[in-house]
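Me: Got a model here that I'd like to walk through. Can you take my questions as they come?

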Amino acid sequence: MMEEIWKDIPGYEGRYQASVFGYIRSKNRIVKKGKKRVDTSIKGVIIAPYIPEDGYLRVSLYKNGHKRNEKVHSLVARTFIPNPENKKIVNHIDENKLNNTVENLEWMTNSENVNYGTRVQRLKEKYGYRIKRISPSRKEEYYSSLHDVEEKTGIPRQSVSYAIKHHTKLKGFEWEVVN
């Protein structure tokens, strides 16, 4: 079992720390408050994250009087995971945006991330459509996209798109979009 380790977050040294378990906390510190600028002790606490529409946990951090809403997985990766190739994207290995443990994060390029895991298939299922090809004998074949048709049949996807849009036959086949 992994031991909890806290380290200062780069860029927020002395103010905020990240944990290998994916938590973010403020540190105990002395701040000047009020008109007389009296030294006041502030106790550090674990910061409660929030989840905006994109589904990634975020926390609000303050530096030099400015608030920044930071993604928790990015803070954890910057703190604990070396990035010698200076890759820009932090990937969730198990594809769960809420699992921000060090063991579940890795640096990637944008192209590596776009093609990672089941993302492409999930996007096809969520936003995609299927293409149905009907032979003269009424046999039906299904394809997951126009690109899939082109890849498997050699027929240009633009030609298939035209046949679907104009309800014309192409290579002796009828073509339809199905949900």
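Me: Start with strand 10. Is it enclosed or open, and why?
Reply: This is a predicted model. In it, strand 10 (residues 130–134) is largely enclosed by the rest of the structure, because four of its five residues are buried.

Me: Which strands does strand 10 pair with?
Reply: Strand 12 (residues 174–178) is joined to it by five bridges, antiparallel. Strand 11 (residues 140–143) is joined to it by four bridges, also antiparallel.

Me: What stands opposite R133?
Reply: W175 in strand 12, and E141 in strand 11.

Me: What about the turn between strand 10 and strand 11?
Reply: The two strands form a hairpin with five residues between them. R138 sits in that turn and has a positive phi of about 75 degrees.

Me: Switching topic. Which residues have the most contacts inside the largest nonpolar core?
Reply: I24, L61 and V76, in a core of 20 residues.

Me: Which elements give it two or more residues?
Reply: Strand 2 (16–19), strand 6 (58–63), helix 1 and strand 9 (105–108). Helix 1 gives the largest share, five residues.

Definitions and conventions. Residues numbered from 1 in each chain as written. Predicted model: local features only at pLDDT ≥ 70, side-chain atom pairs only at ≥ 80, totals over all residues. Heavy atoms only, no water. Buried < 20%, exposed > 50% of the residue type's maximum accessible area, 1.4 Å probe, protein only. Pairing = 2+ DSSP bridges. Core = buried A, V, L, I, M, F, W, Y, C linked by side-chain atoms within 4.5 Å.
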